[in-house]
Amino acid sequence: MADERKLECACGAAPMDTDKMWVIMGPQHPFSHGLWTLKAQIDGEIVTDAEPIIGYLHRGWEKECENRTYPKIIPMADRLCYAASMTYTHLYCMTVEKALGIDVPEKAKYIRMVADEICRIQSHLMWLAAVGTDLGNLTVFLWAMREREFFMDLNLRLCGARMTTNFPRIGGVRNDTTELFDRDVLRCVERFEKAIWDVIALVDDSSIFLSRMKGTGYLTREQCVNLGITGPAMRGNGVDFDIRRDDPYDNYDKVDFEVPVLKDGDSYSRYMVRIEEMFQSCKIIKQAMRKVAALGKNAPYRLKVPSRVPAGRAFMRMEDPRGESLMYLVSDGTDKPYRLKVRSPIFVNVSASKPLVQGSRIADVPVIMAMIDMCLGETDR
Amino acid sequence: MSETIRDPTEDRIRSELESRFGDRVRIDKTEPRRVYVTVPREDVFDVCSFIRDALCFEHVSAVTGNDMVDRMEVVYHLSNYNTGIMIEITTVLPADDLRVKSVSSLWEGCNWHERETYELFGIVFEGHPKLERLLTPDTYEFYPFRKSYKLRGQP
């Protein structure tokens with residue numbers, strides 16, 4: 001593949017014999033969005049080989065958990081991914097609930113779903129902002145971050161914190177929705193559904209964006225699945241799978257939404273999938289908030305749970321904004337987990353860097369890697 | 001080999017695995033969209049390739065190591081994109097012989113999972129293309145997720 005492109009780039013001239021060179025991108029590089037390194041071997045302008053290096057942020061998260069009681073892990077789970085903190089906490093609580101064999105109240109399920117989808121929109125907007133700066137359009141960055149701020153305020157109304165929310169609990173959620181939240185959530189979502197078109201227009205009307213995104217980072221469906229890529233990056237490759245729909249947790253089987261799937265398999269289709277997912281998230285938030293309202297203010301939102309988890313194993317998976325995240329819990333009957341494994345979607349997605357960037361131009365590398373939405377907190381754990 | 005079953009049900013997975021492997025595979029339990037299997041380590045690769053090719057499990061969610069002090073375990077979570085079913089394969093390794101055949105030739109997505117399990121537990125995946133340290137520094141001398149490696153405050 002690299003050779004064909006080389007000929008194409010040389011505009012018909014005979015390919016030159018050039019020395020291959022390793023370019024070290026990162027750990028402090030504008031494109032990396034966190035501490036990681038991409039070693040790219042280039043032949044002229046074409047990337048012939050690549051190797052990602054991670055681990056700068058490895059703090060032994062899973063081991064640290066073995067030294068803490070179950071409730072104390074909740075704030076730690078927030079810090080796995082700071083851009084969508086509630087999803088990991090939600091996943092952790094679901095895993096422990098599965099091990100305990102309890103079913104949380106309906107209201108808690110819907111509130112968690114709302115929180116998750118707010119986080120999904122936040123995360124996608126953060127990603128959109130990052131793509132904007134990667135491609136040199138600061139307006140996209142500013143406008144996407146402005147939209148994100150409204151959802152940050154929703155977090156603030158829901159639980160008093162903007163980023164690391166510490167909100168889901170084992171057996172439910174910490175508090176019921178507040179009146180201010182009920183008032184603001186629909187306003188915010190409806191406003192967003194209109195306002196995001198400004199940002200979309202900025203990107204879709206920009207020839208710079210389109211020429212960088214269309215046709216770059218191409219993978220076939222089989223490659224993509226075999227490499228273990230999940231999330232929007234996978235659905236942009238024609239894999240019709242979303243854990244919310246196909247392996248539902250909480251009450252996702254009781255709301256109506258669509259899973260966007262595109263078959264092109266390039267950066268642009270991954271971008272389009274994320275944009276459409278934000279609209280679907282809005283749809284889910286509206287339906288779930290209606291269900292919360294129908295349950296009334298007196299409905300229970302939290303269960304009392306025992307502090308010790310019976311010996312056994314349990315795992316749960318969920319659709320993170322970035323892909324499939326999974327937790328596997330081994331408990332030995334004490335109040336601390338014996339082993340807690342986290343499967344991070346980005347950890348696997350970034351391991352596919354080589355096939356993603358191989359054969360593309362070095363200038364396309366930032367946008368190709370931006371399409372997997374790096375987050376180092378969960379990658380290195 | 002029989003033809004690929006694209007969307008197997010839990011019962012079908014159970015019967016296929018039992019008819020193909022007999023006693024070598026123990027099916028611990030099934031739940032809706034979940035099948036829990038225990039496999040001796042010699043058969044892990046064969047069972048995995050059967051599950052991938054015949055039952056159409058295209059994706060590996062995770063490969064997990066687990067230190068049970070007197071033995072180690074490796075847990076595979078495989079998932080099917082047509083039905084949402086997951087198979088959990090548990091295999092036990094004796095503490096004095098931590099080797100198991102790598103499945104990263106079947107699913108490339110396993111590559112880093114196995115590297116991570118190697119560096120944190122010292123479990124050797126035979127046939128892995130690049131079994132080197134990934135998250136910890138190359139000069140690191142410990143396997144930090146083993147139970148013998150104590151954190152501060154851990155008994």
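**A few words before the views.** A residue counts as buried when its relative accessible area is under 20%, as exposed when that area is over 50%, and as partly exposed in between (1.4 Å probe, protein chains only). Everything here comes from a predicted model, in which local features need pLDDT of at least 70 and side-chain atom pairs count only at pLDDT 80 or more, while totals for chains, interfaces and linings use all residues. Residues are numbered from 1 along each chain as its sequence is written, chains are lettered from A and ligands numbered from 1 in the order in which they are written, and side-chain values use heavy atoms, with hydrogens and water left out.

View 1. Start with A:D373, which is buried, with a relative accessible area of 6%. Look for A:D373 in the loop between α15 (365-370) and α16 (376-380) of chain A. Helices here are DSSP runs of H or I with at least four residues, strands are runs of E with at least two, and both are numbered from the N terminus. The phi of A:D373 is positive, about 60 degrees, although this residue is not a glycine.

**View 2. A:D250, another residue with a positive phi.** What is phi of A:D250 near? The value is near 45 degrees, which is positive in a residue other than glycine. A:D250 belongs to the loop between α11 (243-246) and α12 (267-295) of chain A. With 16% relative accessibility, A:D250 counts as buried.

View 3. Now move to helix α4 (residues 85-100) of chain A, where you will find A:T95. Is A:T95 buried or exposed? A:T95 is buried, as its relative accessible area is 1%. Contact means heavy atoms within 4.5 Å. If you set aside the neighbours within four places in sequence, A:T95 is in contact with A:A314, A:F315, A:M316, A:M327 and A:L329.

View 4. A:T220 sits in the loop between α8 (207-213) and α9 (221-226) of chain A, and A:Q223 is found in helix α9. The relative accessible area of A:T220 is 30%, so A:T220 is partly exposed. A:Q223 also counts as partly exposed, at 36% relative accessibility. A:T220 and A:I42 are 178 residues apart along the chain, and 23 Å separate their C-alpha atoms. For A:Q223 and A:A314, 91 residues apart along the chain, the separation is 30 Å.

**View 5. The two domains of chain A.** Domain 1 covers 2-53 and domain 2 covers 69-380, with bounds that come from an automatic or database domain assignment. Taken over C-alpha atoms, the centres of domain 1 and domain 2 of chain A are separated by 31 Å. Where these domains touch, domain 1 of chain A gives 22 residues to the contact and domain 2 of chain A gives 19 residues.

**View 6. Chain A as a whole.** Step back and you can count 16 helices and eight strands in chain A. Its radius of gyration is 22 Å, close to the 21 Å that the globule rule gives for 381 residues, so chain A is as compact as a globular protein of that length. This radius is taken over C-alpha atoms, and the rule is 2.2 Å times the number of residues to the power 0.38. The C-alpha trace of chain A spans about 75 × 45 × 35 Å along its principal axes. Of the 381 residues of chain A, 60% count as buried. Take the contacts in chain A between residues at least 6 apart in sequence: 71% of them join residues at least 24 apart.

**View 7. Chain B as a whole.** How many helices and strands are there in chain B? Chain B has three helices and seven strands, which run α-β-β-α-β-β-β-β-α-β from the N terminus on. Along the principal axes of chain B, its C-alpha trace spans about 50 × 30 × 25 Å. Of the 155 residues of chain B, 57% count as buried.
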